[in-house]
Amino acid sequence: MMSTKHTPGPWKVSFTNLSEVKAENGARIAKCDKLNGLVNLQANSRLVAAAPELLEALQLGKDFLIGSTAWTQAQADELTEKICAAIAKATGEQQ
């Protein structure tokens, strides 16, 4: 498997500065520009900011699907929670 190097999450959206996505240490990860309006700008920023959580959920899901050992119900529940949280962050449903 290829090792992925990226700025560790969580990443947060900053709508006060043209929808920048920033790391916990304040480093700018991305800057989303307006495409068709503010709604697109915010949606794109949220999706970028959710990337670390989405990657983690996918990696856990892959381990679950191709794993050679059985998962406990608690592990399956944790995976489900991570997937739901990542989707909620990406879609703006997270509070």
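Buried, in this talk, means under 20% relative accessible area, exposed means over 50%, and partly exposed is in between, with a 1.4 Å probe and protein chains only. This is a predicted model, in which local features need pLDDT of at least 70, side-chain atom pairs count only at pLDDT 80 or more, and totals for chains, interfaces and linings use all residues. Residues are numbered from 1 along each chain as its sequence is written, and side-chain values use heavy atoms, with hydrogens and water left out.

I will begin with helix 2. Helices are DSSP runs of H or I with at least four residues, strands are runs of E with at least two, and both are numbered from the N terminus. The buried residues of helix 2 are Pro52, Ala57 and Gly61. As for length, the expected span of a helix is 1.5 Å times one less than its number of residues. Helix 2 has 16 residues and should therefore span 22 Å; its end C-alpha atoms are 22 Å apart, so the two agree.

Next, the salt bridges. I count one when a side-chain nitrogen of Lys or Arg lies within 4 Å of a carboxyl oxygen of Asp or Glu. How many salt bridges does that rule give? The count is 4.

Glutamate 20 bridges to lysine 22, where the closest N and O atoms are 3.5 Å apart. Glutamate 20 also meets arginine 28, at 2.9 Å from N to O. Are these residues buried or exposed? Glutamate 20 is buried, because its relative accessibility is 7%. Arginine 28 is exposed at 51%, and lysine 22 is partly exposed at 25%.

Last, a point about the backbone. Which peptide bond is cis? It is the bond from glycine 9 to proline 10, with omega near 5 degrees. Proline 10 lies in the segment before strand 1 (12-14).
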